[in-house]
Amino acid sequence: MKKIVINGGRPLKGEVTINGAKNSVVALIPAVILADDIVTLDGVPAISDVDSLIDIMEAMGAKVKRSEDSLEIDPRGLKNMPMPYGKINSLRASYYFYGSLLGRYGEATVGLPGGCDLGPRPIDLHLKAFEAMGARMTMSGNAMHLATGGQPLKGASIYMDTVSVGATINTMLAAVKAKGRTIIENAAREPEIIDVATLLNNMGAHIRGAGTDIITIEGVERLHGTRHQVIPDRIEAGTYIALAAAIGHGIQISNVLYEHLEGFIAKLEEMGVRMTVSEDSVFVEKQESLRAIHIKTSPYPGFATDLQQPITPLLLTAEGHGKIIDTIYEKRVNHVAELAKMAGRIATKGDQIVYEGPNQLQGASVKATDLRAGAALVIAGLMAEGRTEITNVEFILRGYSNIIEKLTSLGADIQLIEE
Ligand code: UD1
């Protein structure tokens, strides 16, 4: 069991560098299964989801070498084996093993994905795509078995009824080596989708349209090795920008692709946050008074659901009333009860979050219920007067690279304690 203890209220300043995107790398690693040779990924974040994926790849026979932020994965010794339990159940992104194993072997037996509890998280669209391409699904215990019955996967036209990051990427993974053409309509447009398509194309795939809502994939026989730089994590960047706007005495956030954060930055500007943007960094300072705003999350390029929780402590410092509506995950509200323990005037009303400010947060004992809720509590703890103790912090370490070191370097009094 790990917990984070924060003595809040310290002025934070300095520079923080953003790592490679979690939501890219969790797809890029399984994508290497499709290659016939070594793939090197640079800019890989030091997060526990990556550790879990490396364990899974090694268990299947891949050789993985890690040095600083690079990962060299040699898939030549891979064997397709059933993976019903273990690390597979610890992360959401293990669903990418369905697409990549199916794409390479025409068969996959993989346990059901885990991950954060954000309310219902179905994978029906992933299955709809695999079935359209000729795979049949059966359940055995906790594992799902997908197989084409010895036939090659075949290209298909797939309309995504809901815009889904995971289903779009998974369909690309399955389709790159399928026979013929696959067309994904109503595809998600997140930058991570472009990143995965870039890796696959550099391995020899033929994917066009990634980043738009129609993606076309012409299947190829084989994919080779390559080297790939992971894009910066826009959610990590947004988290540090929100933190800097709440308590920063001048914080430079580096390795940021500003254009990936436009929906988020526009809302901060509406609050009155002033930011100086340069080529690959953003400089942010706390303002004396901010305005409360309404937030409605939507698929990219809208306001990301993953930034709804990390921005909430900042909202609590603003003047007036506001609400948050999460249209992607209506039940993504677990941070609210914890922030209320820290004297935040915040509550849920139906599926909406309503708040009133400004608030001076007080330290408290709180629990991280999921990854981004955990990030919200870390920010709140840094803003609060007194001591905050956050339990269940394994969630936070799943997605924020070196968070304790980064915050300590900005001047925070924060400790990770293992019990
Ligand atoms: C990814 C991100 C997660 C982010 C989410 C939305 C990863 C590993 N995780 O999750 O951090 O919060 O995108 O930006 O990249 N849906 C269905 N059926 C499906 C799939 C999804 O109905 O088969 C619904 C979901 O319930 C949700 C919406 O579609 O309401 C979007 O979900 P999706 O984009 O698929 O989320 P994930 O890929 O799981």
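**Ligand site, pocket and cavity**

An oxygen atom of the ligand is 2.6 Å from a side-chain N or O atom of Asp-306, a polar contact being a pair of N or O atoms within 3.5 Å. The protein buries 89% of the 730 Å² that the ligand exposes when taken alone; these accessible areas come from the Shrake-Rupley method with a 1.4 Å probe. The model is predicted, so local features need pLDDT of at least 70 and side-chain atom pairs count only at pLDDT 80 or more, while totals for chains, interfaces and linings use all residues. Residues are numbered from 1 along each chain as its sequence is written, and side-chain values use heavy atoms, with hydrogens and water left out.

**Ligand surroundings**

- The ligand is surrounded by 21 residues, each with a heavy atom within 4 Å of it; the closest are Asp-124, Leu-125, Ser-164, Asp-306 and Ile-328.
- Leu-125 places a backbone N or O atom 2.7 Å from a ligand oxygen atom, and a side-chain N or O atom of Asn-23 lies 3.1 Å from a ligand oxygen atom.
- This shell comprises 10 nonpolar, six polar and five charged residues; Ala, Val, Leu, Ile, Met, Phe, Trp, Tyr, Cys and Pro count as nonpolar, Asp, Glu, Lys and Arg as charged, and the others, Gly among them, as polar.
- Helix α4 gives the largest share of the shell, three residues; helices are DSSP runs (H or I) of at least four residues, numbered from the N terminus.

**Largest pocket**

- The ligand sits in the largest pocket, meaning that more than half of its atoms lie within 2 Å of the pocket's grid points.
- On a 1 Å grid over the protein atoms alone, a pocket is an open set of points with protein on both sides within 12 Å along at least five of seven lines, whereas a cavity is a set where a 1.4 Å probe fits but cannot get out; lining residues have an atom within 4 Å of a point.
- The volume of the largest pocket is about 1,000 Å³, and among its 43 lining residues Arg-121, Val-165, Gly-166, Ile-328 and Tyr-329 are the closest to its centre.
- Its lining divides into 19 nonpolar, 10 polar and 14 charged residues.

**Largest cavity**

- One cavity of 30 Å³ or more is found in a search of the whole structure, and the largest cavity has a volume of about 60 Å³.
- Its lining includes Thr-239, Tyr-240 and Leu-407, and α11 supplies the largest share, four residues.
- Eight of the lining residues are nonpolar, one is polar and none is charged.

Terms used
Polar contact = N/O pair within 3.5 Å; in protein donor to acceptor, adjacent residues only side chain to side chain. Helix = DSSP H or I, 4+ residues; strand = E, 2+ residues; numbered from the N terminus. Points joined across faces, edges and corners; volume = space filled by probe spheres on them.
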